[in-house]
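Me: I have a protein model to learn from, and I'd like to understand the words used for it. Could you take me through them?

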Amino acid sequence: MADSPIVRVATLVVAALWFAATSVSYAQTQTPTPAPTPENSSPAAEAQRQSVQPLNNAPVWREVRSGAPGVTTVRGRETNILIQSMGETWRALRVPVVFWGGILTALTVLGLAVFYLIRGALDVPPEEKRNGRLIERFAPMDRYAHWLLAITWVTLAITGLILSLGKSVLLPLIGYTLFSWLAILSKNLHNFVGPILIVAIPFLFIRFIRDNGVGMDDVKWFLNLKGYFEGHEHPSGRFNAGEKVVFWFVLVILSTILVVSGLVLVFPNFDQTRSTMQAANVVHMVTAYVAIALALVHIYLGTIGMIDAYRAMRHGYVDESWAKHHHQRWYEDVAAGRARQKFAGPTAVSPQATQPRTRPA
């Protein structure tokens, strides 16, 4: 009973609700105080201030905060600017970004957990199941490209959430000492693993671009989205329209933005200004939260959300009844010899890949 899917999903629901509550607490407790602004700057007001408040240095600090270049012996970008006032604006802008990003992540996890409890895992209808031939859905290089990106991406997503939300979510639970070690580990993993995406993204793009073209069938697939969850999905090619959204938005667009903005943050020796790094930080966070929400849906459907989907990427093979039900156009191309993928005998895969699967309780 302790290992049943219902217990695991219920645990996820409780965790998501607590995650959302702590995000609200973070927004209420971490809002920074706005930067002070001068109220009076006329000569008469300055004279009156000096008579009432001798040695008042407000005019000096007002000039410092103006951002006007000063004189310094250190040469470099912005080394002659003592205080960059936009830094306070950046600190204030981070609060709603982290708050709504945490809410989006929590709602995504909660929504998937509720959907799983109501619908369960998607599977081929019993009347369509048969012990048919196996089809090689993913060649070894396809799987290498996918798992390189997947492991890198998930590592960055987890460490990124710890760095942005850990102070409000984890710190009250595990204390300062343990959280300090976890934060340092997350920071180093995030910084050193991140550049792997420079290789992983093009690798996966090259392997899968051929089967991710967009056409009218994809529009019809989305119009019949309800049928997808009811077991009557619109026929699709090797990848359906939902998978193409993940390919083009999460991989090509959002992950590329994350790489570019991440490089700006990790390598300040590129000689970019502080304002550039602050803008890159906000763009990086907003993009990451949206990408994580979309990736969570993809991960759900690729693991517990659809029977045999994970086995396809793990071992590379699917049963022809699975292929015909979920990707009918692709199955027809394979059967007619028009696709690069071919039928294979059961002996081509490991025993674990050929064992019958049942719908989780």
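Reply: The accessible surface of the protein chain is about 20,600 Å² (by the Shrake-Rupley method with a 1.4 Å probe), and 67% of it belongs to carbon and sulfur atoms. This is a predicted model, where local features need pLDDT of at least 70 and side-chain atom pairs count only at pLDDT 80 or more, while totals for chains, interfaces and linings use all residues. Residues are numbered from 1 along each chain as its sequence is written, and side-chain values use heavy atoms, leaving out hydrogens and water.

Me: What makes D218, W221 and F222 part of a meeting between helix 8 and helix 10?

Reply: Contact means heavy atoms within 4.5 Å, and these three residues of helix 8 meet A241, G242, K244 and V245 in helix 10. The residues of this contact divide into 4 nonpolar, 1 polar and 2 charged; Gly counts as polar, while Asp and Lys count as charged.

Me: What makes a set of residues a nonpolar core?

Reply: Its members are buried (under 20% relative accessible area) Ala, Val, Leu, Ile, Met, Phe, Trp, Tyr and Cys residues, joined through side-chain atoms within 4.5 Å. The largest such core here has 47 residues, and I135 and W330 are among those touching the most other members. Helix 10 gives the largest share, 8 residues.

Definitions and conventions: Helix = DSSP H or I, 4+ residues; strand = E, 2+ residues; numbered from the N terminus. Buried < 20%, exposed > 50% of the residue type's maximum accessible area, 1.4 Å probe, protein only.
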